[in-house]
Amino acid sequence: MTSAAVTDPGRPRRLLARTQHRLTPDASRVLGRLFVPGQETLIRGGSRAMAVIDRVLDLTEDEVDRTLAETLARFSGRHRDLGQTLEHHFGLVAHRLGGEIRVGQARRQLIGAYFTQEYALEAAALFNPSMVAHPDQAGCAPGELRFVMSLRAVGEGHLSSIEFRSGTIGGDGGIRFDPPGRFLDTGAPRPVRYHRDLFRDKLAELGHQDENARFLWRMLPSRFTSAELDVALAELARQHVTREDSVPLVDRVRWMAESSYAVEFDARHALSERVLWPAGPAESHGMEDARFVRFTAGQHATYYATYTAFDGSQVAPHLLETGDFRTFTVSQLSGPSARNKGMALFPRRIAGRYVALSRWDRENNAIGYSDDGHRWGQASTVQGPARPWELIQLGNCGSPIETPAGWLVFTHGVGPMREYAIGAVLLDLDEPERLVAALSEPLLVADESERDGYVPNVVYSCGSLLHGETVVLPYGCGDSSVRVATVDLGALLDRLGPG
């Protein structure tokens, strides 16, 4: 990855220019994750935890001290506080020892080491970026803009997580990335209050709208805590004699509660060290393709991101919310527009309502509306596959950019040989379900240096950033790496002009 600016103010301006930047996977960026022998593969097997613990208990004190010292010497430089991680993982399996066995710190940490593995979260791929203005612009020179870039990282087992980079766009259009931090962190969980109406609507979609469900919603306030949910579910269970089987409802409510959470990161740790790791059952197999947007309401700005939650068999859009990229809240979405992949929020309300780009049917670009940003109505198709390079399907490349001519939306289309291309459309500012214009030819297709990868012939973005009269468009190549292009806004709007 280069750090120098690549735009040359002396050259004639082009519609699109590729920069020299290329972000590639770094297999040395690792997390210390829990490892349970016997359960580490997709092949189901019994835990061998007790057998491993017994072998560690049989070691002499000298063997324990020597083995732990060797382990710490070999791995401590790759983690911020490896000892703390080993203690934490010991605590997760300590119940296997029983109350009568006491072990010292060295043996505790060594047991923890046998239940720890390094996970290289971006070893397989790093791609599908989105880009927003950084919440802290302090210290920027005139004409500069600090940015945050989100990235989809894929590691062992094709598990996707979300990580970040930061940098600056200079007044001359030059793009500079900050060096990424060394020690990765998945943050600490924090309690949240749940939305009763969202739970009700989402569970109704899943077929739970019977008498038991109605009883549960009557028991709960409009915003409720985990403790209040426990009380309501306990009362539902207590009345099992006069109520039909409520176990499926209870299981699904628990599943939804576990999929709605908050995570907080240490303010001392760099943004590039913060990793949004799959934490709920709805995303057990990955968090994919986050589309971040800086959402404004008056003078207040909040960052939202829709991402695809994958549980191994089903996908659904989930919502991230943050004000500072330090504390994130995750919630589910409901309604016809909030289905499938590729949902992207507009950066402000229109006529008092939230608006989103939707691809609920997997092939058309559509518009959906919501009163609260969580429960979405029917989607209205705004663009369908019409040109040779998009006949398989269409989708968006992130949230719209507001311009005087309309909402600028970068799109992706899939054509022959499953080749992806990036295009652009304009939507009406007041009625975004009305298509104003669309490029007749792709804006960007993979060149020979970009077409090979984990999935060949793919260029794909999850969000671009307007700075002055230039749009910075980061994009994934071959589902493997990231490049950055710049687009001349005026030239693009001219191309999207009448006719």
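Predicted model: local features only at pLDDT ≥ 70, side-chain atom pairs only at ≥ 80, totals over all residues.

Leaving aside neighbours within four places in sequence, Ser-461 is in contact with Pro-129, Arg-291, Asn-396, Cys-397, Gly-398, Ile-422, Leu-473, Pro-474 and Tyr-475. Ser-461 sits in the loop that runs between strand S26 (459-460) and strand S27 (465-467). Is Ser-461 buried or exposed? With a relative accessible area of 0%, Ser-461 is buried. The side chain of Ser-461 comes to 2.6 Å from the backbone oxygen of Pro-474, and a polar atom of that side chain lies 3.2 Å from the backbone nitrogen of Gly-463.

Let me turn to the aromatic residues. How many aromatic pairs does the structure hold? There are 16. One of them joins Tyr-194 and Phe-199 in a tilted arrangement, 5.4 Å centre to centre and with 50 degrees between the planes. Tyr-194 is buried at a relative accessible area of 9%, and Phe-199 is buried at 1%. Phe-265 and Phe-328 make an edge-to-face pair, because their planes stand at 90 degrees, with ring centres 6.0 Å apart. Phe-265 belongs to the loop between strands S11 (261-264) and S12 (287-297), and Phe-328 to strand S15 (residues 327-332), so this pair ties together parts 63 residues apart in sequence. Both Phe-265 and Phe-328 belong to one aromatic cluster, along with Phe-164, Phe-292, Tyr-303 and Phe-325.

Finally, I come to two helices. H7 (residues 226-238) and H8 (residues 247-258) pack at about 175 degrees, their axes 11 Å apart; the two are therefore roughly antiparallel. Their contact has seven nonpolar, two charged and no polar residues.

Note on methods:
Residues numbered from 1 in each chain as written. Heavy atoms only, no water. Axes fitted to C-alpha atoms, helices over the stretch in contact; angles between N-to-C directions. Helix = DSSP H or I, 4+ residues; strand = E, 2+ residues; numbered from the N terminus. Parallel < 35°, antiparallel > 145°, perpendicular 65-115°, else oblique. Nonpolar A, V, L, I, M, F, W, Y, C, P; charged D, E, K, R; others polar. Buried < 20%, exposed > 50% of the residue type's maximum accessible area, 1.4 Å probe, protein only. Polar contact = N/O pair within 3.5 Å; in protein donor to acceptor, adjacent residues only side chain to side chain. Contact = heavy atoms within 4.5 Å. Phe/Tyr/Trp six-rings, centres within 6.5 Å; stacked < 30°, edge-to-face > 60°.
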